[in-house]
Structures are given as structure tokens and as C-alpha cells.
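Thanks for coming, everyone. I would like to walk you through one structure today, beginning with a pair of helices and ending at a metal site.

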Amino acid sequence: MVDELKLNKAIIHADFDAFYASVEQRDNSKLAGRPVLVGGRPYSRGVVASASYEARKYGVRSAMPMSRAIKLCPQAVMKRPRFDVYREVSNHVMEIFKTFTPIIEPLSLDEAYLDVTDKQTLTMTPPVIAKNLKLKVLEELKLTISTGVSTSKSISKIASDIDKPDGLTVVRPGTERDFLDPLPIESLWGIGPKTKDRINKQGIYKIKELASQDDFWFVENFGANAKLIKLMSLGVDERPVLIHKDRKSYSSETTLNEDTGDVILLKEIVSRLSQDVSNSLMKKGISGKTVKLKLRTSNFETFTRQISFMDPVQLSFEISEYATKLLEQEISEGMKFRLLGVGVSGFGHLEMRQDSQQMRLEGF
Ligand code: TTP
Ligand code: MG
Ligand code: MG
């Protein structure tokens, strides 16, 4: 029986509930039970990074402009993010995860996949492991996580989100399709808002309807991702939990509708791209020592310029400041651009990476 159990892969996806906002509530008892918004300032076009569940009742969501969030929920308490604290909590939770299995893939500061296939026994089933995980996190960090338990990464990730906050959703082996069928297509990895609209226009809303399309349809609609998305819609996802995930840089670029040499416009675009890159870095809790600017001129000449420094950057105004300096050096009379990109690299001191490397040494 134990052998039979061991045949099934067991993957847990764990994710903090309203991560930044919950940490703020935990560290300030006055905020407990109140709507809390962590993010940028409303008058400087800041956005909501995290909204407590009390605030979400009013329709507030992550990435919404703070000014709009405050209109929806005027009684909310606004807090500036304390990244150092979140990073510390993240390191701590990854340590807790390590006591359950060495096979951990962090996806961002607040979530990870855990492969507990080899840790299950007759009594210590994957749902019991997930329950223990939740208890230990609550005990040590005074924060709640939601977990999804299933045989694959994609289903566990969807499952962990279904009963938030403080959820524990189990999709038993063999019931993957029953679980997926009634869900909206955008629950699947790879189906963002634009793709969702495009597919919905064809009268396809539920994963069940998606899964019944033929291979040609998938290729027409998803190109290179066709096979992966088809298999995922059928509940098949063989991707392993990857212990070490290294990314060398984060970048964002845009092609302009019309070539331009307008310095103010170009600087504004650089600032927006810097914001994008900064958001990605913040989500990962990392900072880099090199800022890169990519430019394509109206004659399709593409080149990059970069600058490195001692202190790593993460915040958008810092990235923007350096990228703008690089831009200023390249602008000259009559020169027009059709593409701009901003990137950050040089994550030499990455904490998460050190953790992963250590895990790899310990685990294998
Ligand atoms: P999420 O796990 O997506 O969100 P959350 O933990 O706030 O809420 P929940 O999981 O319960 O739905 O992101 C984790 C943290 O990452 C979040 O607390 C703040 C940060 N973040 C941003 O800074 N910007 C964003 O757009 C998102 C989605 C998250
Ligand atoms: Mg979360
Ligand atoms: Mg998350």
C-alpha cells in the first residue's frame, strides 16, 4: 500500500495570504482585522502591492492604482513596503519548507513548490504534510499560507488559490480533470487577460470546453505553447519541481507606434519600463548592480548601453535615473527611436540563490 502511494507524485504549492499586508498587520496590532494597503503613494501614481482580505471586500486588488483603491475603500490604512522584513520572512519560510523536503522551487518571495513525493507514508499523506506545513508556518511566523496539494505543479498552484485565505485544497490523484473542467480558462498557466478575451470570443469559457478542442485549434491559438496548454487543460503536467532557478537579468521593452525623438516622451517611456523591471525585482526580492538600456533607431540599428555600480538597485526611481543618464548620452539632434528597453542584471549577492545552492548541496 505504501508502495502504491509512492507511485503518485505529490506536489504542494504554498503561498502567503496577502503577504505584505499580513506582515504589516502582524507587526502592528492596531491593523489587525482592518483593511490595509501596502504600496506606493496615491499622489505619485503608486500602485497597490498587497491588499489585506478586509480591503479586498471593497474590490481592491494588487497592481491597482493606489488612488483608485483609496476611493473604493477610504477607511483603509496605507503602508509603505518594508522589503527587508518581507525578505527575512521569506528566508525563514523557505527554511521551514526545507524541514519538510529538500526539493523546493521558490517562485517569488511568498510562494514555492514543494515536492513531497518521497516523504509520504501511510499516515503522513500529502494533505497531512500540507496541514503540518501550515501549522508550522503559523506557529513560527504568525502568518497564514494557503496550500494546494496534487500530483502536478499547475494543479497545485491553481488549488492553493481557490480557498484563500488559510486554505488547504486537495486534488486527489485521478480527479484532476473533474477539478479543472468547471474552472475558467484563465486559471491555467499561460492564459493571461488578452488570451482569455480572444478565446472567450470563440465561445470557450471553461477548461472543459478548452480541453475538447483538437490539436489544430491549439496550434492556431497558442502557437509554440499549444502542446503544453493542451496537456495542462487535460490535467497533465509532468514538469518537475526545479530546485535551482537562476535568472541572469530582468528586462522590459516596448516598440513605439511611431518613431520619436521627443526627449520628454522617451524619458517617460524609460521611467515606465523601469517601473516594470522594478516590480519584477521586488516580487523576487532581488536587486542588481547593472542597469542596461536597449535602443533601436528608426534605421533599425540596435544597440545597448550599460552602467554598473557598487550598490545594487531595485527601486524604480533608481533604475530610471541610471537608464535616463544612458539615454541622455545617446540622444542627438534629429535622431529617432522605435524601440526602448530597460534591464537590470548582476544579482551577485542573491539571497534566494544562495539558499537554493545550499539546498542542492544538502539534498543531493
Ligand atoms: P501575491 O502572492 O500575488 O499576493 P498576496 O500574497 O498579496 O495575496 P494572495 O496571495 O493572498 O492573493 O504576491 C505576493 C507579494 O508580492 C504581495 O504581497 C506584494 C507583492 N506584489 C507586488 O508587489 N505587486 C503585484 O502586482 C503583486 C501581484 C504582488
Ligand atoms: Mg500570496
Ligand atoms: Mg504569491
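Predicted model: local features only at pLDDT ≥ 70, side-chain atom pairs only at ≥ 80, totals over all residues.

The helices α13 and α14 are oblique to each other, a word used for angles that are not under 35 degrees (roughly parallel), over 145 (roughly antiparallel) or 65 to 115 (roughly perpendicular). Residues are numbered from 1 along each chain as its sequence is written, chains are lettered from A and ligands numbered from 1 in the order in which they are written, and side-chain values use heavy atoms, with hydrogens and water left out.

Coming back to the helices, the axes of α13 (residues 263–284) and α14 (residues 316–330) come within 8 Å and cross at roughly 140°, the axes being lines fitted to C-alpha atoms over the stretch in contact, with angles from 0 to 180 degrees between N-to-C directions.

Now to the metal: which residues coordinate the magnesium ion (ligand 3)? They are Asp-15 (OD), Asp-110 (OD) and Glu-111 (OE), at 2.2 to 2.3 Å, where donors are N, O and S atoms within 2.8 Å of the metal (3.2 Å for Na, K and Ca), and sites may look incomplete because water is not among the atoms. Along the chain, the spacing of these donors is D-x94-D-E. Asp-15 also bridges this ion and the magnesium ion (ligand 2), the two lying 3.5 Å apart.

How values were computed:
Helix = DSSP H or I, 4+ residues; strand = E, 2+ residues; numbered from the N terminus.
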